[in-house]
Amino acid sequence: MKFEIKRERLVDGLNDVMKAVSSKTTIPILTGIKMDVSTEGMRLTGSDSDITIQTFIPAEEDGQQLIDVAEGGSIVLQAKVFGEIVRKLPTNEVEIEITGNFQTHIRSGKSEFHLIGLDAMDYPQLPDIQDDRIFTIPADLLKTINRETVFAVSSSETRPVLTGVHWEVKDGELVCVATDSHRLARRKTKLETLPEGEYSVVIPGKSLNELNKILDDTSDPVEIVMTNQQVLFKSKHILFFSRLLEGNYPDTSRLIPSEYKTTVTVNGRSLLQAIDRASLLAREERNNVVRFSTNEGSEVEVSSNSPEVGKVEEQLQAQSVDGEELKISFSAKFMMDALKAIDGQDVVIQFTGAMRPFILKSALDDSILQLILPVRTY
């Protein structure tokens with residue numbers, strides 16, 4: 001196997017697949033990156049058995065020769081070492097040659113490295129995915145959906161299914177829900193290209209975070225293929241496989257209240273900043289609780305009191321306050337996460353009482369819904 005490749009393109013490809021490689025894997029060969037070279041180009045694959053990322057570098061793109069292949073073949077190289085070497089090579093021209101016993105020679109300018117490779121036949125095969133349940137979504141919209149939901153997944157492994165986001169397809173709509181049982185984030189999206197039938201999967205939050213790092217902020221379509229054990233995201237030159245979480249996701253629709261006693265409409269950005277200021281004192285307490293109260297008129301008060309540190313009160317002008325007067329306490333972090341997901345728009349907050357979950361949504365549309373459980377303070 002022998003070829004020449006442009007260093008910057010190899011670095012880009014390695015950066016993508018390295019996101020799937022973990023040093024903690026129990027399968028030694030998975031600490032490596034698999035390289036398959038043919039006259040068409042090079043495929044790089046990285047995996048930690050939960051996530052697998054494959055990227056393709058074409059031999060020629062836009063009339064520019066990126067890879068010059070003298071002889072094709074496959075090899076697995078230690079991801080960390082190979083990645084560091086390629087990044088620090090002196091010129092943009094890199095020649096890689098594999099000789100007997102997987103001896104790998106990497107040359108660039110006056111620099112030459114010799115690495116010991118592994119047999120690519122020992123590398124696990126990619127999952128075989130049939131394209132029966134497939135739909136497309138623009139990359140920037142997919143990133144937005146992930147950003148608005150993933151933060152609410154559980155970080156505790158006691159209920160593994162809650163560490164993922166529940167994706168459900170039905171009635172021409174994709175509904176994504178994440179909850180850690182103290183808060184919930186839901187995003188609905190109408191899609192043109194949904195296949196017939198209803199189906200649902202639970203995708204690990206960690207996978208969706210990694211996917212967001214790879215996708216570009218463009219409206220290029222990403223194809224999504226769902227099977228019973230795997231989900232595949234396909235964009236221009238990248239395949240991103242993730243295993244799915246097993247188990248039944250709880251029915252979260254019952255958690256969302258249907259009637260409300262108090263409704264507040266307020267600018268999301270100013271509320272976020274007020275809570276951020278109030279949490280400066282609350283941070284010293286382990287639960288970081290902020291109080292929110294409505295009184296007569298359209299002002300609301302955000303306050304926090306920490307016996308050791310001091311207290312803060314701030315009046316905030318709301319657009320409107322309807323219904324009963326209310327005093328409620330909640331986690332400043334949860335509230336700030338929810339407001340960031342709604343992203344600076346005017347926010348409608350609907351309360352059913354001081355001890356009941358309350359919801360936040362954008363005043364402009366109800367595709368995003370955030371639900372938070374209040375904190376008991378006596």
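Which residue in S11 is the bridge partner of Thr104? Let's work up to that with a few friendly points.

1. A word on the basis: this is a predicted model, where local features need pLDDT of at least 70, side-chain atom pairs count only at pLDDT 80 or more, and totals for chains, interfaces and linings use all residues. Residues are numbered from 1 along each chain as its sequence is written, and side-chain values use heavy atoms, leaving out hydrogens and water.

2. Start with the open sheet, whose five strands follow the order S7-S1-S9-S10-S11 with antiparallel pairing (strands are DSSP runs of E, at least two residues, and helices runs of H or I, at least four, numbered from the N terminus; two strands pair if DSSP finds at least two bridges between them). At the edges, pairing on one side only, are S7 (67-71) and S11 (111-116).

3. Now the answer: Thr104 has Leu115 as its bridge partner in S11. S10 (residues 103-108) and S11 run antiparallel and are joined by six bridges.

4. Next, look at helices H5 (residues 268-282) and H6 (residues 332-342): their axes come within 10 Å and cross at roughly 155 degrees (axes are lines fitted to C-alpha atoms, for helices over the stretch in contact, and angles run from 0 to 180 degrees between N-to-C directions). That makes H5 roughly antiparallel to H6 (the term covers angles over 145 degrees).

5. Who touches whom here? Contact (heavy atoms within 4.5 Å) involves residues including Leu271, Leu272 and Ile275 of H5 and Met335, Met336 and Leu339 of H6.

How values were computed
Angles under 35 degrees count as roughly parallel, over 145 as roughly antiparallel, 65 to 115 as roughly perpendicular and the rest as oblique.
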